[in-house]
Amino acid sequence: MKTIDSILQKQLVDIKSQGLYKNERVIETAQETEIDVFGKKVINFCANNYLGLANNKDIRKAAIEAIEEWGFGLGSVRFICGTQTIHKELENQISKFLRMDDTILYSSCFDANGGLFETILGPDDAIFSDELNHASIIDGIRLCKAQKNVYKNCDMDDLEQKLKESKARVKMIATDGVFSMDGTIAPVDQIVELAKKYSAITMVDDCHATGFLGKTGRGSAEYFNVLDEIDIITSTFGKALGGASGGFVSASTEIVDTLRQKSRPYLFSNSLAPALVVACQKAIELIQQNLSLINQLRDNTRYFRKKLSEKGFEIKGNDHPIVPVMIYDAKNAVKLSEMLLEKNIYVIPFSFPVVPKGEARIRVQLSSSHTKEHLDKAINAFYDCGRKLNII
Ligand code: PLP
């Protein structure tokens, strides 16, 4: 065995012995509320398929027609010959939806965040980043030469203290709109207030909010009525907006134009496939035409959170369809998820390094396409299995 393989083998054994090894469960159907896993039908509570659009027939049709009209692939980055009319249309549609000057597409939001900070900020500038920000923001900031300040999760006193001390030319506050491991919505309204007070700009990663949070699905800023006050929004097509892949940055003309000139994951990576582009346009259109999807998700969220708390479970977060059920012990969390799977409830346990050590949890994710029957089945299964494991 080569040295590298024997080093990694030891690490893997260690990960397994701590109960932290993540097995990928293979689903045997399309992404839906009910899916087949291990040859049996289960109710799916672990997709980011917030609005049930992942296998929507109108979106599928739009994708198929787009392949017929615009072809399968472009074989080019955007600035050589990878920009079609549809790419500009999708960018304009998102800009209008988020009330921003302009939008730039990326292959993923991971890339969008990776290519944002170093492109527009330099050593005279400073970034103020929430400690629980997504890995892609952390990596994007690592690549950037700006001064780095990490503030405690959603702690506005800590953020203010750090802003007060900074003498930077440009100060940028960067936050997840929603912290996906905790189901908490960042206090975006308070962040906007601090930004005004200390002449900072704001960057919100709304991957777990775009399309469904706020009255019309415009995200965490709309939830707090400050949509017009955010400077930069990054987000994904890989969750509520059809769940395929792709990401974007929406911001001022100057920021987006600079990203088009210099952002490395944009300049040096292939253009988004036509089928994805047109299907994402359809997803945004459907959401705007049909607010009942958003309203149903909100009702499901409130019902499930309330009922599961009443059963005695400790639940993190608020008002968001990510419902982290706290188990703390990693092995117990795995055990509970396996028992739930036996009852046809498909959930995933999260443990270190995805969440802090000793804070393992089952993250339930709700969709507008869950029926009350689905929710009740899950609540009852949690109760039965939780009792057996002495969690409640
Ligand atoms: N930012 C946040 C907050 C996310 O949750 C995710 C996805 O997990 C990403 C960025 C990355 O998005 P994508 O899957 O489009 O790369």
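**Close-up 1. Helix α1 and the residue that follows.** Helix α1 covers residues 3–17, where helices are DSSP runs of H or I with at least four residues, strands are runs of E with at least two, and both are numbered from the N terminus. At 1.5 Å a residue, the 15 residues of α1 should span 21 Å, and the end C-alpha atoms are 21 Å apart, which agrees; the expected span is 1.5 Å times one less than the number of residues. After α1 comes Gly-19, with a positive phi near 75°. This is a predicted model, in which local features need pLDDT of at least 70 and side-chain atom pairs count only at pLDDT 80 or more, while totals for chains, interfaces and linings use all residues. Residues are numbered from 1 along each chain as its sequence is written, and side-chain values use heavy atoms, with hydrogens and water left out.

Close-up 2. The 7 strands follow the order β3-β11-β10-β9-β6-β4-β5 with mixed pairing, two strands being paired if DSSP finds at least two bridges between them. Because β3 (102–106) and β5 (147–151) each have a single partner strand, one side of each is left without a neighbour in the sheet. Neighbouring strands are turned by 20° against each other on average, direction ignored; axes are lines fitted to C-alpha atoms, for helices over the stretch in contact, and angles run from 0 to 180 degrees between N-to-C directions.

**Close-up 3. Strands β6 and β9 with two packed helices.** Strands β6 (residues 171–176) and β9 (residues 200–205) run parallel and are joined by 6 bridges, and Ile-173 has Thr-202 in β9 as its bridge partner. Helix α7 (residues 156–165) packs on the sheet, touching β4 (126–130), β5, β6 and β9, and its direction makes about 155° with that of β5; contact means heavy atoms within 4.5 Å. Helix α8 (residues 188–197) also packs on the sheet, touching β5, β6 and β9, with its direction at about 160° to that of β9.

Close-up 4. Ala-221, in helix α9 (residues 220–223), is buried with a relative accessible area of 3%, buried meaning under 20% with a 1.4 Å probe and protein chains only. Not counting residues up to four places away in sequence, Ala-221 touches Val-188, Asp-206, Val-226, Leu-227 and Ile-230.

**Close-up 5. Residues around the ligand.** The ligand is surrounded by 13 residues, the closest being Cys-109, Asp-205, His-208, Thr-236 and Lys-239. An oxygen atom of the ligand lies 3.1 Å from a side-chain N or O atom of Lys-239.

Notes
Buried < 20%, exposed > 50% of the residue type's maximum accessible area, 1.4 Å probe, protein only. Near = heavy atom within 4 Å. Polar contact = N/O pair within 3.5 Å; in protein donor to acceptor, adjacent residues only side chain to side chain.
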